[in-house]
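Visitor: I am new to this structure, and I would like to know what lies behind the words used for it. Could you walk me through them?

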Amino acid sequence: MMKITIAALALLAVAVAAYEHEDYHSHPSYKFEYGVKDPHTGDHKSQWEHRDGDVVKGQYTLDEADGTKRVVEYSSDKHNGFQAHVKRVGHADHPAVYGHHEAGHSYSHGHGHGHGSSYANGNLYQHHH
């Protein structure tokens with residue numbers, strides 16, 4: 001019985017020693033990237049990110065509805081904190097929308113200048129008087 005107890009204590013000592021030497025604060029490091037290009041929906045986006053310790057760098061892009069591309073470059077570290085720089089690439093393309101004219105009067109729907117329209121349930125809503 002004494003041999004079993006000594007063997008069990010020896011195994012317990014090895015297990016405790018192994019437990020004490022595990023590093024729970026390892027150096028974080030990773031790289032990833034992904035992208036989506038769906039011609040049916042027009043959903044185009046991508047992202048990549050790299051991390052080495054406390055330094056993170058990345059970028060994501062997104063095709064906007066107006067034809068431009070949003071590019072966000074970001075980084076984070078101990079000295080500068082989180083920094084993001086947003087760029088818009090390309091020229092916005094807004095289709096011409098014509099309002100309803102009646103008796104020489106122009107009716108505008110919405111705010112701002114020009115004529116507006118509403119896209120309720122995918123149908124073009126027109127206001128008639």
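This is a predicted model: local features need pLDDT of at least 70, side-chain atom pairs count only at pLDDT 80 or more; totals for chains, interfaces and linings use all residues.

**Reading the sheet and its loops**

Visitor: What makes S1 and S2 a pair?

Guide: Two strands pair if at least two bridges are found between them. S1 and S2 have ten bridges, and they run in the antiparallel sense, so by that cut-off they are a pair.

Visitor: Which strands make up the sheet, and in what order?

Guide: Five strands form an open sheet, in the order S1-S2-S3-S4-S5, with antiparallel pairing.

Visitor: Why are S1 and S5 said to stand at the edges?

Guide: Strand S1, residues 29-38, and S5 each have a single partner strand, so one side of each is left without a neighbour in the sheet. On average, neighbouring strands of this sheet are turned by 10° against each other, direction ignored.

Visitor: How do you know that S2 and S3 pair?

Guide: Strand S2 covers residues 43-52 and strand S3 covers residues 55-63, and eight bridges join them in the antiparallel sense. The cut-off is at least two bridges, so S2 and S3 count as paired. As an example of residues facing each other, Lys-45 stands opposite Leu-62 in S3.

Visitor: What lies between S2 and S3?

Guide: The two strands form a hairpin with two residues between them. In the turn, Gly-53 has a positive phi of about 70°.

Visitor: And how many bridges are there between S3 and S4?

Guide: Eight bridges, again in the antiparallel sense, with strand S4 covering residues 69-77. Here Gln-59 stands opposite Glu-73 in S4. S3 and S4 also form a hairpin, with five residues between them, and Gly-67 in its turn has a positive phi of about 95°.

Visitor: Let us look at the loop between S3 and S4. Is Thr-68 buried or exposed?

Guide: Thr-68 lies in that loop. Its relative accessible area is 2%, and buried means under 20%, so Thr-68 is buried.

Visitor: What makes the link between Thr-68 and Arg-88 a polar contact?

Guide: The side chains of Thr-68 and Arg-88 are joined at 3.2 Å. A polar contact needs a pair of N or O atoms within 3.5 Å, one able to donate a hydrogen and the other to accept it, so this pair at 3.2 Å qualifies. Leaving aside neighbours within four places in sequence, Thr-68 is in contact with several residues, including Leu-62, Val-89 and Ala-92.

Visitor: Where is Ala-92?

Guide: Ala-92 is found in the loop between strand S5, residues 81-89, and strand S6, residues 101-102. Its C-alpha is 5.1 Å from that of Asp-66, and the two residues are 26 apart in sequence. Leaving aside neighbours within four places in sequence, Ala-92 is in contact with Asp-66 and Thr-68.

Visitor: Why is Ala-92 called partly exposed?

Guide: Its relative accessibility is 25%.

Visitor: What about Val-55: where is its place?

Guide: Val-55 is in strand S3. With a relative accessible area of 38%, Val-55 is partly exposed. Leaving aside neighbours within four places in sequence, Val-55 is in contact with His-50, Ser-76 and Asp-77.

Visitor: How many aromatic pairs does a search of the whole structure find?

Guide: The search finds two aromatic pairs. In one of them, the rings of Tyr-30 and Phe-32 have centres 6.4 Å apart and planes at 25°.

Visitor: Why is the pair of Tyr-30 and Phe-32 called stacked?

Guide: Rings pair if their centres lie within 6.5 Å, and planes under 30 degrees apart count as stacked. With 6.4 Å and 25°, Tyr-30 and Phe-32 meet both conditions, so the pair is stacked. Tyr-30 is partly exposed, with a relative accessible area of 33%, and for Phe-32, also partly exposed, the value is 33%.

Visitor: Finally, how many helices and strands does the protein have?

Guide: The protein has one helix and nine strands. Of its 129 residues, 10% count as buried.

Note on methods: Residues are numbered from 1 along each chain as its sequence is written. Side-chain values use heavy atoms; hydrogens and water are left out. Helices (H or I, at least four residues) and strands (E, at least two) are DSSP runs, numbered from the N terminus. Buried means under 20% relative accessible area, exposed over 50%, partly exposed in between (1.4 Å probe, protein chains only). Contact means heavy atoms within 4.5 Å. Axes are lines fitted to C-alpha atoms, for helices over the stretch in contact, and angles run from 0 to 180 degrees between N-to-C directions. Rings of Phe, Tyr and Trp (its six-membered ring) pair if their centres lie within 6.5 Å; planes under 30 degrees apart count as stacked, over 60 as edge-to-face and the rest as tilted.
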